[in-house]
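Subject: Handing over the two-chain model

Dear colleague,

I am passing on the structure below, together with notes on what was found in it.

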Amino acid sequence: MSDIDLPRRSFFKTSIGAAAIAIAPGILLFDMAHGKSQPVSGKVRWGMLIDTAQCQDGCNDCVTACNKENGLSGSTGPTDSQWIRKVEIKSISTGRKVSLPMMCQHCEHPPCVDVCPTNASFKRADGIVLVDRHRCIGCRYCMMACPYKARSFVHEPLSDQNPDVPRGKGTVESCTLCVHRIDKGQQPACVESCSNKAILFGDLNDPNSEIAQKIRAVATVEVRANLRLNTGVRYQGL
Amino acid sequence: MSAHSPMYLKNVLYYVLLAAGGLVALAGMFAVYQMEHHGHVITGMNNQIVWGLPHVFAIFLIVAASGVLNVASIGSVFGKAIYKARAPMASLLSIAMLAGGLMVLMLDLGRPDRVIVAATNINLTSMFAWNVVLYSGMFALIVIYLWTMMERRMNPWNKPAGIAVFAWRFILTTGTGLIFAFLTARQAYGSALIPPLFIVLSFAWGLAVFHLVQAVTYAWNDRVLDQAIMERTKRLLGIFVIGSLYLIAVYHLTNLYFAQQIDFERFILRDGGIYPTLFWGGYILLGNILPLVLIYWPGRKSNCMSASILVILGAFALLYVFIIGGQAYPLEIFPGYVASSSFGDGQIASYSPSVYELLLGFGGLAVAFILTTVGVRVINFMPQDKSQTAE
């Protein structure tokens, strides 16, 4: 008879196999959750140019796409979150009407970041203004400070969240510029959804980018430019 | 039949008052539990009116907590004997109201469980974060100040402590006002007048609360307040009321002068429904004109209490108009345009406070009440006036 203890050997094999199966998804998830290991570059400044002439009155495609991408309900009650909204404006003196999407303007000097007591509101190196959902205490001071009413407070418990876009009851949220898509090299959902190509997305700091070339060539404005916040979102035809 | 001693009855009354305060505080806790469980959707607050009734209560308590210390400052800093005798009670009231107000503010947060985050992550450009430091410092300073008053060996330090409290209190209320003054984009706020306005308001509201508590504790202890003392502090209340009325007038007049602010002023002062009603009827008439008549009407004596109660009611009316009315008026994102959207652009925001907000607010008042009642009972905070009040 051989001295080899076969049951013992197979027990070790099974154990190692089981341990690998148990740990592997964890390692994989850990990797996925951490995403790209290198930090975002401060040389980039993401921004948008919205051509109001191309934005159609009554069209809501960008809003619908945003809701779907970020797991928002799409309801428009006073306590529902709206990260992007269509605003219809009419000049008091001339009567000219304009329809445009309004969302977080991703300011260079964001008042929400200034007033946030816990640094939960922050600006990423590439200019995207975000809320750290783990740090937000839900004081809503940023909502008082935002000149664009870009932020919403989560008033109710949430279900069926998009894993890429974590949200939380009792915290404040707003347009993330679809940061999870940008980090994968994609465009924000609203940009992609606009059939009229009214929203141009790109790197404002890259002189050769389409958006940088266009804002050099045509007249564009920041909303409430008098506040000198240097917004990342600009409008054409306002 | 039953021949209970007055002392026995007083003991019973003490526990009854404590139980009543406790019940109200408990109702406040119930409201907090509900808000925690269901979210802020059960309150009247929404994405347009983000600060509601709890903030009215909290800011009243915090502003009055600072103002009530004025009584102590006039004593310790300016050496007036009748005020100095009242410094311990004023300090107790200040701690109690500060605690009540901060409790309301904290429990209204979306995530009150993360209050430790607020304590450990300080953003130096945030007025809220500064206020966390200012409020904690105020607590500590008042405790030291009380120590210098009540511990004989510490008496020599009373004046420096009094001056420190005096200075800190100014900075504290400036900080409270700056929460609003630093809001660059809102028509109602973003004015450098707000901090001084809050300071003068704090004087009036704090003294009014002090009058009320003093009268009740004197009645409790079967003591009679010297009429001359009452007259003096009553006239002081009159001066504070006139002062706050002046700053309120300047605030609205400057706004009325700016074309860009006229629509907002029309809303608050004339067309805004509940807000002009509360402003003119609640704040101006009940909270200022009537108290001034009661204070300065020749020959009338014992109306200090009614004037003080009216000043407090006026305070709530003003804060409601200031905080909620200021948010109800639509934020002007596109000057020169009329705007409409699914998110309330260009529309007056509606707000109807829910019972939970009211319970939370009253819970804060109850905490202040309990702390004061226990303090007055356990430690001797009663003013000790010498027979001669003239200085």
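Helices (H or I, at least four residues) and strands (E, at least two) are DSSP runs, numbered from the N terminus. By that definition chain B has 13 helices and one strand, and its elements, read from the N terminus on, follow the order α-α-α-α-α-α-α-α-α-α-α-α-β-α. This is a predicted model, in which local features need pLDDT of at least 70 and side-chain atom pairs count only at pLDDT 80 or more, while totals for chains, interfaces and linings use all residues. Residues are numbered from 1 along each chain as its sequence is written, and chains are lettered from A and ligands numbered from 1 in the order in which they are written.

Overall form of the chains

The radius of gyration is taken over C-alpha atoms, and the globule rule used with it is 2.2 Å times the number of residues to the power 0.38. Chain B has a radius of gyration of 22 Å, close to the 21 Å that the rule gives for 391 residues, so chain B is as compact as a globular protein of that length. Its C-alpha atoms fill a box of roughly 70 × 50 × 50 Å along the principal axes.

Chain A has seven helices and 10 strands. Its domain assignment (bounds come from an automatic or database assignment) gives domain 1 (1–32) and domain 2 (46–236), and the centres of these two domains, taken over C-alpha atoms, are separated by 49 Å.

Axes here are lines fitted to C-alpha atoms, for helices over the stretch in contact, and angles run from 0 to 180 degrees between N-to-C directions. Angles under 35 degrees count as roughly parallel, over 145 as roughly antiparallel, 65 to 115 as roughly perpendicular and the rest as oblique.

Helix α2(B) (residues 53–76) packs against α7(B) (residues 158–181) at about 150 degrees, with the axes 9 Å apart, which makes the two roughly antiparallel. Helix α6(B) (residues 127–150) also packs on α7(B), at an angle of about 160 degrees and with the axes 9 Å apart, so α6(B) is roughly antiparallel to α7(B). Residues are classed as nonpolar (Ala, Val, Leu, Ile, Met, Phe, Trp, Tyr, Cys and Pro), charged (Asp, Glu, Lys and Arg) or polar (the others, Gly among them), and the contact of α6(B) with α7(B) has 18 nonpolar, seven polar and no charged residues.

Further along, the axes of α11(B) (residues 274–296) and α12(B) (residues 304–328) come within 8 Å and cross at roughly 155 degrees, and these helices are therefore roughly antiparallel to each other. Their contact has 19 nonpolar, six polar and no charged residues.

Where the chains touch

Two residues are in contact if their C-beta atoms, placed from the backbone, lie within 7 Å. The contact between the chains takes 40 residues from chain B and 44 residues from chain A. On the side of chain B, α5 (115–120), α6 and β1 (337–341) each supply at least two residues, and β1(B) gives the most, with five residues. The residues on that side divide into 21 nonpolar, 15 polar and four charged.

With best wishes
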